[in-house]
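Trainee: I've got the model open and I'd like to check the labels against the numbers behind them. Can we go through it together?

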Amino acid sequence: MVDRGLLYREWKQNQVVILLSIAFLVLANPLSIVNTYLSYQGCLDRQDPQYCDFIVNYSISNLIDINWVPGVILAVCFLGMERSKGTMDFILSLPYNRSQIFQTKFWLGGFVIVLSQLIGFLLAWLLILVYNPEHVYFFEHSSIGVIVISFMAFSLVMAAGALTGNAFAQLLTAFSAAILPYLIIALPVGNLEVVFGANIWEIFPSPESYFSLASNLSNLVPISYVVNEWLINSKYLLLIPAVMSMLFYLIGFISFKKLPSERNGHFFLWNRLDRPVQILVMAFGILGFGLFGYYTGHSIIGYILGMIIGAVAGFFVSYFSIYKKTKV
Amino acid sequence: MIELRQLSKAIDGNQVLKDVSLTIEKGEIFGLLGRNGSGKTTMLRLIQQIIFADSGTILFDGVEIKKHPKVKQNIIYMPVQNPFYDKYTYKQLVDILRRIYPKFDVTYANELMNRYEIPETKKYRELSTGLKKQLSLVLSFAARPALILLDEPTDGIDAVTRHDVLQLMVDEVAERDTSILITSHRLEDIERMCNRIGFLEDNSLTNVMDLDELKEEYIKIQMAFDTDVNLAIREQNIPMLDQAGVFYTVLIPKSDEEKKSFLRELKPKVWNELPVNLEEVFIAKFGGKRRW
């Protein structure tokens, strides 16, 4: 499945970014604890000990909350940058099939993300034993959760990289996919509210049922996992990003195997995606700018003006990003 | 060795290759000619499976490459530029390639590096165009392939380096029976190296010919006349390579006695029959239309 020669090539090609990712992912978790400990020590130096607590609480903003960033960077380096720099041709010319190439890239990144964070988790656990804080909140839940979420982010950007022909397109597609459920559901609903002058929650039996549904739907939006609000929910919620990871992996694997590589430099490798995606971008532009126009002055004129601006902006943005080939 | 069967490929709706078939035997050097955009590079990329053909098959020693990509251990593709090499030194590249190509011969690579005095400690991107081509060739040959696909290997390099690059290829074929498929705009390079040539034109591979036989087919005649015979020669559709005053140089098939008699009837004062080169043959064969 993963060839040693290919693995070595990937390692040499992305040595710096892999090492930096490992360093960050290994150190982020223990450094958070060290930071909390140093803050506690600082407090003890300045104030009476009764006013100082040594509490490790992972629900408060923590360095490991951005552990998904190395996943994104690795995926862009593995696919988008290879296509943008023109080095993908060299890999494809080697004596391996496309499945092997994708598997090698994917699992190299996957192991870097998962193993580094597991080591970081272990180090943090040892530090907790050594420092012996008064309370530790959400340590396991948060540490394991960010592994799942960073793996999902990596899978998502890898899938986007397998569909697109350059690094910019990869990032834009990944971001769009990360907010796609919001774009598909919330934008049209918001526009319906404007057109019919009603609030959507009014058709629900109670406001609570509406907010409950909205909250549940937001769990399907990959970007919602960037902030650690998932910590206050059930641990089983992490099954959603885990399933998403598998789905993105499959999309990436099949796309990398099947899509034509002669379109490197273009936005989409499969040119049949160009037109439907352009129409979608324009539709989102119309709906998004329309809402923005309405809420600036709460007037229908603002709404219509916003829609016109959205249509024009959507057209030009989609035209220049999708139809103009990047130099490779 | 390598066999292309009914290969077709369209890119972004444009047909680039249509039903192209070709076989290259062991130890053969095949020259692929064609204008810019005729599909020469596409053909090499198809063989190496960088892109996939819409239809047709490519076989290496009877094995379909698409289904068994491991046979590409015997095939090396040297593109015009290889951005992957840029950030590495020779040693680092050897370190990478020897893990991918099991037959990679480090001793032979070192020997060639010394022979051609290529700096080993500089990164690939720091080398001149000629040295880059030489280093790429050294690495390609050191992988001990049975077939090398060379895309414009002499493009952008000076005459001395070109000589070295060509010599390296000729030596390799002579010593190891390696087959080479080469694309080039330079007919003199093709002429010097190739056994056979073929033209990619209008999406098809045409005029696949043995080079020596081809050159034997034609004769170049230098003549001097008292009067202006330009129109008379052209009316007979005889390709004229050159005219300087009363001196005329024309090309005719060796066996075409009718045209030879016609020229003799014009009573030339001077008549010299000379061997031809590839460029002249093409002018004769394709009616003076330069296609490369």
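This is a predicted model: local features need pLDDT of at least 70, side-chain atom pairs count only at pLDDT 80 or more; totals for chains, interfaces and linings use all residues.

Trainee: Why is Gly34(B) called buried?

Mentor: Buried means under 20% relative accessible area. Gly34(B) has 1% relative accessibility, so Gly34(B) counts as buried. You'll find Gly34(B) in strand E3 of chain B, which covers residues 29-34.

Trainee: What makes Gly34(B) part of a binding site?

Mentor: That one comes from a record: UniProt places the feature "binding site" at Gly34(B), Arg35(B), Asn36(B), Gly37(B), Ser38(B), Gly39(B), Lys40(B) and Thr41(B).

Trainee: What makes H1(B) a mostly covered helix?

Mentor: Seven of the eight residues of H1(B) are buried. They are Lys40(B), Thr42(B), Met43(B), Leu44(B), Arg45(B), Leu46(B) and Ile47(B). After H1(B) comes Gln49(B), with a positive phi near 65 degrees.

Trainee: Arg45(B) is one of those buried residues. Which residue does Arg45(B) form a salt bridge with, and what makes the pair count?

Mentor: The partner is Asp89(A), and the closest N and O atoms are 2.3 Å apart. The rule asks for a side-chain nitrogen of Lys or Arg within 4 Å of a carboxyl oxygen of Asp or Glu, so a pair has to meet that cut-off to count. With 2.3 Å, Asp89(A) and Arg45(B) pass. Across the interface of chain B and chain A, the rule finds two salt bridges.

Trainee: Which elements of chain B give two or more residues to the side that touches chain A?

Mentor: Strand E1 (2-11) and helix H2 (90-100) of chain B. H2(B) has the largest share, with five residues. By class, that side of chain B has 15 nonpolar, four polar and eight charged residues.

Trainee: How many residues are in contact between the two chains, and how much area is buried?

Mentor: 27 residues of chain B are in contact with 23 residues of chain A. The area buried between them is about 2200 Å², with carbon and sulfur atoms giving 57%. Of the area that chain B buries against chain A, Ile50(B), Phe84(B) and Ile100(B) supply 25%, more than any other three residues.

Trainee: Over in chain A, why is Ser155(A) called buried?

Mentor: Ser155(A) has 0% relative accessibility, so Ser155(A) counts as buried. The place of Ser155(A) is in helix H6 of chain A, residues 139-163. Leaving aside neighbours within four places in sequence, Ser155(A) is in contact with Phe106(A), Ser245(A), Phe248(A) and Tyr249(A).

Trainee: UniProt lists "transmembrane region" stretches in chain A, including 110-130 and 277-297. How much helix and how much strand does the model have over residues 110-130?

Mentor: Residues 110-130 of chain A are 100% helix and 0% strand, with the end C-alpha atoms 30 Å apart. For residues 277-297 of chain A, the values are 100% helix, 0% strand and 30 Å between the end C-alpha atoms.

Key
Residues are numbered from 1 along each chain as its sequence is written. Chains are lettered from A and ligands numbered from 1 in the order in which they are written. Side-chain values use heavy atoms; hydrogens and water are left out. UniProt positions are given in the numbering used here, feature names are shortened, and annotations may be inferred rather than shown by experiment. Helices (H or I, at least four residues) and strands (E, at least two) are DSSP runs, numbered from the N terminus. Buried means under 20% relative accessible area, exposed over 50%, partly exposed in between (1.4 Å probe, protein chains only). Contact means heavy atoms within 4.5 Å. Buried area is the accessible area (1.4 Å probe) that two parts lose on being put together, summed over both. Ala, Val, Leu, Ile, Met, Phe, Trp, Tyr, Cys and Pro count as nonpolar, Asp, Glu, Lys and Arg as charged, and the others, Gly among them, as polar.
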